[in-house]
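Subject: Structure for handover

Hello,

I am handing over the structure below, and my notes on it follow. Please keep it open while you read them.

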Amino acid sequence: MAHLGLVALLVREYDEAIDFYVGDLGFELVEDTARPDGSRWVVVRPAGARETALLLARPSSAEQRARVGDQTGGRVGLFLHTEDFARDHARMVAAGVRFLEEPRHEAYGSVAVFVDLYGNRWDLLQPRSAE
């Protein structure tokens with residue numbers, strides 16, 4: 001197996017999720033295709049990425065709706081790597097992305113936890129090898 005292709009992320013509504021991931025985080029919209037059941041196949045990924053992307057999925061049941069924003073039980077579940085932590089952190093703050101902590105410099109790299117518009121926790125991370 002060569003790589004992980006898609007990770008599904010439950011979102012309340014497609015358009016607000018696209019606005020956040022593309023507008024605020026700077027991802028690119030790879031695909032937005034209507035499906036016969038009224039859902040959409042919406043794929044976004046960090047600009048320039050070629051492998052793993054996010055499938056933004058609207059819930060289809062009450063159980064799934066209850067998991068929007070809490071797919072990982074409140075822990076960081078998604079890790080957004082950068083080659084320039086200071087630049088991307090500043091851009092995201094200016095776009096209104098909410099960070100839960102000040103940047104930290106750990107043995108593994110520079111990191112700060114932020115939340116998406118639903119409350120999912122992410123690490124913005126510049127691995128030490130990229131510093």
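Strand 8 is largely enclosed by the rest of the structure, because seven of its seven residues are buried. Buried here means under 20% relative accessible area, exposed means over 50% and partly exposed lies in between, with a 1.4 Å probe and protein chains only. Helices (H or I, at least four residues) and strands (E, at least two) are DSSP runs, numbered from the N terminus.

The model is predicted: local features need pLDDT of at least 70, side-chain atom pairs count only at pLDDT 80 or more, and totals for chains, interfaces and linings use all residues. Residues are numbered from 1 along each chain as its sequence is written, and side-chain values use heavy atoms, with hydrogens and water left out.

Partners of strand 8

Two strands count as paired if DSSP finds at least two bridges between them. Strand 8 pairs with strand 6 (residues 98-99) in the antiparallel sense over two bridges, and Phe99 has Phe114 of strand 8 as its bridge partner.

Phe114 has contacts beyond its neighbours within four places in sequence, among them Leu25, Leu80, Met92, Val97 and Trp122. Contact means heavy atoms within 4.5 Å.

Four strands make up an open sheet in the order 1-4-3-2, with mixed pairing. Strand 1 and strand 2 are its edge strands, each pairing on one side only. Neighbouring strands of this sheet are turned by 25° against each other on average, direction ignored. Helix 1 packs on the sheet and touches strand 1, strand 2, strand 3 and strand 4; its direction makes about 10° with that of strand 3. For these angles, axes are lines fitted to C-alpha atoms, for helices over the stretch in contact, and angles run from 0 to 180 degrees between N-to-C directions.

Strand 1 runs parallel to strand 4 over five bridges, and Leu6 stands opposite Ala53 of strand 4.

Helix 1

In helix 1 (residues 14-24), the buried residues are Tyr14, Ala17, Ile18, Phe20 and Tyr21. They lie on the same side of helix 1 because they cover an arc of only 165° around the axis; the arc is that of the directions from the helix axis to the C-beta atoms. Asp19 and Gly23, on the other side, are exposed. After helix 1 comes Gly26, with a positive phi near 85°.

The core

The largest nonpolar core has 27 residues, and those with the most contacts inside it are Tyr21, Leu25, Phe27, Leu54, Leu56, Phe114 and Trp122. Such a core is a set of buried Ala, Val, Leu, Ile, Met, Phe, Trp, Tyr and Cys residues joined through side-chain atoms within 4.5 Å. Among the elements that give two or more residues to this core are strand 5 (76-81), helix 3 (85-94), strand 8 and strand 9. Helix 1 provides the largest share, five residues.

Regards
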